[in-house]
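Here are my notes after a look through this one.

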Amino acid sequence: MNNIPGMNVVVVGAGIVGASVAYHLSCQGAQVTIVEAGHVASGVTSTSFAWINTTYSDADPAAALRAAAVSDYRRLEAQLPDLHIQWTGSLTYGLPEVPAAPATGRGISTVSRAQILTLEPNLKHPPAQANHSPEEGALNAVAATWALIKGAQAQGARLLEQTQVEGFTGTADKVSGVKTTHGVIDADLVVLAAGTGTTLLTDMLGYPLALDASPAIYIRYHSPPHLVRGIIYNAAMEVRHADDSSLLAAEDYLDDAADHQPNVIALRTAEAIRAELHGVVSLDVEQACVGFRPIPKDGAPLVGFLPGISGVYVCVMHPGVTLAATVGRLVGMEITRGTPSPDLEPCRLGRFRR
Ligand SMILES: Cc1cc2nc3c(=O)[nH]c(=O)nc-3n(C[C@H](O)[C@H](O)[C@H](O)COP(=O)(O)OP(=O)(O)OC[C@H]3O[C@@H](n4cnc5c(N)ncnc54)[C@H](O)[C@@H]3O)c2cc1C
């Protein structure tokens, strides 16, 4: 597999992760075919809050990947004319999982109440202090996925939408292509970037993946503009403006009870936002739905060759928007150059079988 110029790679899944892998592989000279069961960004990418969230604890196995996310997205912005990122920064406070004191090297600082009000003048209850990450941003995940796909196509990649992978060709220990609803596609390597759908595909190869489909609620409100300037995440709300000025929110999924349905949660969240912010004259729910995040059982990304079966590579993770640019770059390099990336070592699949 080492250093094959023009190697044929099938990337399964055109969410933001598959699109980034396809783009970076294409730039490295691979002949890429992207195979997507629905249409581009029709999976969980379409309902992402899409915060490039680089905060991590020192124990986070994906720390090196998160730390590189901002510089990789800035590189992509320079390379891809259609990629636009809202570099607004974020404010987080009042959350048990957010460290009170910033660690070094992450661009996070602690800001006072006065500074918080300068950053977010509409906050009704600014805390005494908050974590401020001025380097962070957010994006329109569907538009960003398209920007990556177009970038891949400009390098010769082929996109097949409405084409589902239903099986594999080859032998028990070597995959040589995929069987799709529109026929067989031969490949030197098949990259599975199918989000929560990846489990079904590895099951077909007799390799159960330690991956959960974890629900979360995505809400989009028609709102007055400029309610917030950046991303605010506190105990009451996680909000930001989208690029069309509607207000986005993300909420935990609780269960299927009637008063926990997405539209009910969206109305309750609107009340919470009203209680937190000045200027909320109207907040009408445009969309409220559940998205299923592909979350590996130990939280770390699953990235690497499928143990025991050659010709298959897996790339699935949460938070996929944050990590897509960096992981795409590293995956592109290790597949085309044949040199394993040390930053991807904590992500290997074999860790579950040790
Ligand atoms: C409410 C909410 C908020 C979130 N907020 C954030 C955030 O702030 N920051 C962040 O980084 N992440 C966030 N996430 C998570 C993030 O959206 C996901 O991690 C990311 O979008 C995953 O992208 P993906 O490309 O792996 O998966 P997907 O977007 O699901 O793409 C997989 C694609 O594979 C296709 N596919 C599946 N099976 C097959 C098959 N057999 N054949 C062909 N195609 C197939 C699917 O149709 C799909 O299009 C959030 C998610 C939710 C729901």
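This is a predicted model: local features need pLDDT of at least 70, side-chain atom pairs count only at pLDDT 80 or more; totals for chains, interfaces and linings use all residues.

1. Ring count. One of the pairs is tryptophan 51 with tyrosine 233, an edge-to-face arrangement with 5.8 Å centre to centre and 85° between the planes. This pair ties together distant parts of the chain: tryptophan 51 sits in strand E3 (residues 51-52) and tyrosine 233 in strand E15 (residues 231-233), 182 residues apart. Tryptophan 51 counts as buried because its relative accessibility is 7%, and the cut-off for buried is under 20%.

2. A second pair. For phenylalanine 305 and tyrosine 313, the ring centres are 4.9 Å apart and the planes stand at 85°, so this pair is edge-to-face too.

3. Cluster and charges. Phe49, Trp51 and Tyr233 are joined into a cluster by ring pairs. Phenylalanine 49 also has a charge over its ring: the charged end of arginine 240 sits 5.5 Å from the ring centre. Elsewhere, arginine 74 lies over the face of tryptophan 87, at 4.2 Å from the centre of that ring.

4. The sheet. Six strands make an open sheet in the order E9-E2-E1-E13-E20-E19, and the pairing is mixed. Its edge strands are E9 (158-160) and E19 (302-305), each of which pairs on one side only. On average, neighbouring strands are turned by 20° against each other, direction ignored.

5. The E19 end. E19 and strand E20 (residues 312-316) run antiparallel and are joined by four bridges. Which residue of E20 is the bridge partner of glycine 304? That partner is valine 314.

6. Helices on the sheet. Helix H1 (residues 16-27) packs on the sheet and touches strand E1 (8-12), strand E2 (31-35), strand E13 (189-192) and E20. The direction of H1 makes about 165° with that of E1. Helix H7 (residues 320-337) lies across E13, E19 and E20, and runs at about 170° to E20.

7. Asparagine 263. This residue belongs to helix H6 (residues 262-276). Asparagine 263 is partly exposed, with a relative accessible area of 48%.

Methods. Residues are numbered from 1 along each chain as its sequence is written. Side-chain values use heavy atoms; hydrogens and water are left out. Helices (H or I, at least four residues) and strands (E, at least two) are DSSP runs, numbered from the N terminus. Buried means under 20% relative accessible area, exposed over 50%, partly exposed in between (1.4 Å probe, protein chains only). Two strands pair if DSSP finds at least two bridges between them. Axes are lines fitted to C-alpha atoms, for helices over the stretch in contact, and angles run from 0 to 180 degrees between N-to-C directions. Contact means heavy atoms within 4.5 Å. Rings of Phe, Tyr and Trp (its six-membered ring) pair if their centres lie within 6.5 Å; planes under 30 degrees apart count as stacked, over 60 as edge-to-face and the rest as tilted. A charge sits over a ring if NZ of Lys or CZ of Arg is within 6 Å of the ring centre and within 35 degrees of the ring normal.
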